[in-house]
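Hello,

Here is the structure I promised to hand over. My notes follow below it.

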Amino acid sequence: RMAAAPPSYCFVAFPPCSKDGLVVFGKNSARPRDEVQEVVYFAAAAHDPGSKVECTYIEIEQVPKTHAVVLSRPSWLWGAEMGANEHGVCVANEAVVTREPASESEALLGMDLVRLGLERGATAKEALDVIVALLEEHGQGGNYYEDGSSCHTFQSAFLIVDRSEAWILETSGKYWAAEKITEGVKCICNQLSLTTKIDAEHPELRNYVRSQGWWNGDSDFNFSEVFSLADDHLTCCSGKESLEKQGGDVSAQAMIDVLRDKDSGVCVDSESFLTTASIVSVLPQDPSFPCVHYFTGTPDPSRSIFKPFIFVDDVKLVPKVQSPSFGNDDPAKKIPRFQEKPDRRHELYKAHEWARSLLENDQDKGQKLMRIMLDLEKQGLEAMEDILTRTEVLDPAEVVDLFYDCVDTELKFFK
């Protein structure tokens, strides 16, 4: 049983650490090695009164209107590891272990809350309010992995970011605390990080921990100390120094470099876990510029390329990074769950498996392919830089096929 929470890393950099008026967000999603992540887009939608939404394990009330979202998600579940919405809100979650055992009974997963926050919140603070209200109403629980033999459960932490501020939200059951960030670099990983600077909290939080005997009310209230297992709340963030070293120059490229770093441990490649997908988002503080979201859609960012996505109406869907759908026959939807594991690989994932074996078996050819790929990525980054520095307004037609074309070009290189 993988009791340790998967060591994902999430980052945000604000001016003065990041480049000219940009907020830069990034996450490596560390998950079981063989799990497939897909990149999916859902348009904004209106919903009839009284309608429900089927999350991974439970059904909840739908809201009248949901925002357009782009998500990177393990393809067996409803929610997401990370993603963004049309209003420039980005959310990523972390599985964390606290002194309270996480619930095995099926409720909302931390990953469902990522998607719900994005679909329902037009600012970072709204997304936070959505998440904590749903936590209060439905609770969190259920298996984090597609595993029929054992139930892996965790509490959740979130990094919620928009063009002007970020919130770090950490939870244990329905109890939570949050810190607001507006400058510098912040990192969260699979341990609690909030200490005494708490800008919002569950109204009953302090009474609850007092009643449990975890805090006497005399000392400063330190969230990590109160909720962590002994000695677990050490600082975990090896990528933070790399970003701070950039000295006011954190860009999409700098964030990508940090996410690719295996030596620091930020890019996970271990016996149990692998970085199965990555995201980097650039959110200009000036709302007249579009936000740009880069997704890999494939495992191991050091062998993947980051492809840009911009929200516009009628954005072209990209089936080649979407896993096959099994509908109601999906073993994740039948009780008992996960009795078998279907092949969830999408086209880009399969192409990457071929490229990975090339990299491992024919160094010369592999390195040549990697150079071509990185060159393709660089062209994308430069084109986006151009969009974010020009004076005229972006013509949506220019980027409606953007992500589609990047995936298509990447696949052609593998052919």
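This is a predicted model. E382 is partly exposed, at a relative accessible area of 46%. K378 and E382 sit 4 residues apart in α8, so about one helical turn separates them.

**Helix α8**

α8 is built from 27 residues. From its first C-alpha to its last, α8 reaches 38 Å, close to the 39 Å expected at 1.5 Å a residue. Its buried residues are G366, L369, M370, M373, L376, E377, G380, L381, M384, I387 and L388. Note that this list includes a glutamate, E377.

**Cores**

The largest nonpolar core has 93 residues. Which of them touch the most other members? They are F11, V161, F223, V280, Y294 and I310. The element that gives the most to this core is α8, with 8 residues.

Setting aside residues up to four places away in sequence, I310 touches P290, C291, V292, V315, M384, I387, L394, V399 and L402. Of these contacts, M384 and I387 are among the buried residues of α8. There is also a second, separate core, with 46 residues. Its members include I58, V69, V114 and F338.

**Helix α7**

α7 runs over residues 347–361. At 1.5 Å a residue, its 15 residues should span 21 Å; the end C-alpha atoms are 22 Å apart, which agrees. The buried residues of α7 are L348, Y349, A351, H352, A355, L358 and L359. They cover an arc of only 170 degrees around the axis, so they lie on the same side of the helix. On the other side of α7, E360 and N361 are exposed. What covers the buried residues? The cover includes β18 (307–309), α8 (363–389) and α10 (402–414).

**Salt bridges**

The count is 29 salt bridges.

- R337 and E106 meet through their side chains at 2.7 Å, N to O. R337 is in the loop between β18 and α7, and E106 is in the loop between β10 (90–96) and α1 (110–120), so the pair ties together parts that are 231 residues apart in sequence. R337 counts as buried, at 12% relative accessibility. E106 is partly exposed, with a relative accessible area of 37%.
- E165 and K180 form a salt bridge at 3.3 Å, N to O. E165 lies in the loop between β11 (155–161) and β12 (166–172), and K180 lies in strand β13, so this pair ties together parts that are 15 residues apart in sequence. E165 is buried, at 14% relative accessibility. K180 is partly exposed, at a relative accessible area of 34%.
- R33, K262, D269 and D300 are linked in a network of salt bridges.

**Strand β13**

E179 also sits in β13, which covers residues 175–181. Is E179 buried or exposed? E179 is buried, with a relative accessible area of 10%. Leaving out neighbours within four places in sequence, E179 is in contact with A166, W167, I168, K186, L194, K197 and D199. Two lysines, K186 and K197, are in that list.

**Cysteines**

How many disulfides are there? The count comes to 0. C151 is in no disulfide, and the nearest cysteine sulfur, that of C55, is 17 Å away. C151 is buried, with a relative accessible area of 19%; the cut-off for buried is under 20%. What about C291? Its sulfur is 6.9 Å from the closest cysteine sulfur, in C90, and that is too far for a bond. The cut-off for a disulfide is 2.5 Å between the sulfur atoms. C291 is buried as well, with a relative accessible area of 7%. C291 is also one of the residues that I310 touches.

Best wishes

Conventions
Residues are numbered from 1 along each chain as its sequence is written. This is a predicted model: local features need pLDDT of at least 70, side-chain atom pairs count only at pLDDT 80 or more; totals for chains, interfaces and linings use all residues. Side-chain values use heavy atoms; hydrogens and water are left out. Helices (H or I, at least four residues) and strands (E, at least two) are DSSP runs, numbered from the N terminus. The expected span of a helix is 1.5 Å times one less than its number of residues. Buried means under 20% relative accessible area, exposed over 50%, partly exposed in between (1.4 Å probe, protein chains only). The arc is that of the directions from the helix axis to the C-beta atoms. Contact means heavy atoms within 4.5 Å. A salt bridge is a side-chain nitrogen of Lys or Arg within 4 Å of a carboxyl oxygen of Asp or Glu. A nonpolar core is a set of buried Ala, Val, Leu, Ile, Met, Phe, Trp, Tyr and Cys residues joined through side-chain atoms within 4.5 Å.
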